Amino acid sequence: MRKPYVILIGSASGIGKSTIAAELAKTLNIKHLIESDFIRAVVRGIIGKEYAPALHSSSYDAYKSLRNKNRYEDYNDLVSAGFDEHASYVIPALEKIIQRAITDYDDIVIEGVHLVPGLINTEQFEDYANIYFFILGSDEESHKERFVKRAVQIHRGGKQLDFFRENRIIHDHLLKQAEIYDVNVIHTETVEKTLDKILGIINKSCATINLINSIDELEDVIDIIINENNGSLEKITYNIKGFKEPLTRNIGVSDSKSANTFIKSINEDKSKKEYLSELYNLSEYRKTTICASNKERLNKIIEELKEKGYVLDE
């Protein structure tokens, strides 16, 4: 039998993981969607507050229950430690749910703040399931806007809004842990774009084409691949005249913000633009690997690039 899909989506409160997880489960026709908050409620009923005060706190104020607070270097470390302590009581139950899904050959999506890279052990399941772990991130302004909206929706405005700073610390902690443990970080944009980024990793339809665009046309190339079609630039190889070995650069850019920042830096930095122009001049074409959320979207990107004359005819 095929390996079941186990998809984990974690983030701080107010990033939009519940919406993304629901859309992802719907798109992939996965009937099992679990929120870690429900599992936390069950575990709280088993383990009393006197034994696990951090568990009976919220993720953003669990630090208040920690002993020996003075051993932490700063407030960020204190909040992060309290959050990890809080999540550590929920994770064993989540791992049991994953194991049950695998045993029953069921696909499952699990979302929640308790999915902490480094604390949840996904390696134990890799031989038996297709494991995909994502941490969602956001810039502070967008996060605060969604955080306020969500707090009002669930009628916890006064309580939760006082802890946005702590939630932002948790956000940064999760991204740091994701980098350490090589977990996919998805910077959220619209629901459609965020979903496409995730599907681009799960379905991963990729192709390598030879691009011949100029430096001045690079912005248009990036618009077609990333901004308009939610694709990604994975790798670029320059076959430089006079050199035996090609120059290969792993790019891995899929979000509009990073792509637009790169274009802006080239347009504003004359020396960087001259360097890249020289690199273009030394190579007849650039072997470029691009990816998209499905084969149809990938073909659409390639066709649009061809129509603009950016692809070398072989």
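Is Val148 buried, exposed or partly exposed? Val148 is partly exposed, because its relative accessible area of 33% falls between the cut-offs of 20% for buried and 50% for exposed. The model described here is predicted.

Val148 is found in helix 5, which covers residues 140–153. Together with Val152 and Leu161, Val148 forms a nonpolar patch on the surface. The accessible area of these three residues together is about 210 Å².

In soluble globular proteins, nonpolar side chains tend to be buried together.

| Core | Number of residues | Residues named |
|---|---|---|
| Largest nonpolar core | 56 residues | Ile7 and Ile9, with the most contacts inside it |

Ile7 has contacts with residues from several parts of the sequence. Leaving aside residues up to four places away in sequence, Ile7 touches Leu24, Leu28, Ile30, Ile108, Val109, Ile110, Tyr132, Phe134 and Ile202.

One of these partners of Ile7, Ile202, is also among the buried residues of helix 8. Helix 8 runs over residues 191–202 and has 12 residues. From its first C-alpha to its last, helix 8 reaches 16 Å, close to the 16 Å expected at 1.5 Å a residue. Helix 8 is mostly covered, with nine of its 12 residues buried. Besides Ile202, the buried residues are Lys193, Thr194, Leu195, Asp196, Lys197, Ile198, Leu199 and Gly200. Just after helix 8 comes Lys204, which takes a positive phi of about 40 degrees.

Definitions and conventions. Residues numbered from 1 in each chain as written. Predicted model: local features only at pLDDT ≥ 70, side-chain atom pairs only at ≥ 80, totals over all residues. Heavy atoms only, no water. Core = buried A, V, L, I, M, F, W, Y, C linked by side-chain atoms within 4.5 Å. Buried < 20%, exposed > 50% of the residue type's maximum accessible area, 1.4 Å probe, protein only. Contact = heavy atoms within 4.5 Å. Helix = DSSP H or I, 4+ residues; strand = E, 2+ residues; numbered from the N terminus. Expected span 1.5 Å × (residues − 1). Patch = residues over 30% accessible without salt bridge, like charges linked within 9 Å, V, L, I, M, F, W, Y side chains within 5 Å. Areas by Shrake-Rupley, 256 points an atom, 1.4 Å probe, with all protein chains shown as cover. Salt bridge = Lys/Arg side-chain N within 4 Å of Asp/Glu carboxyl O.
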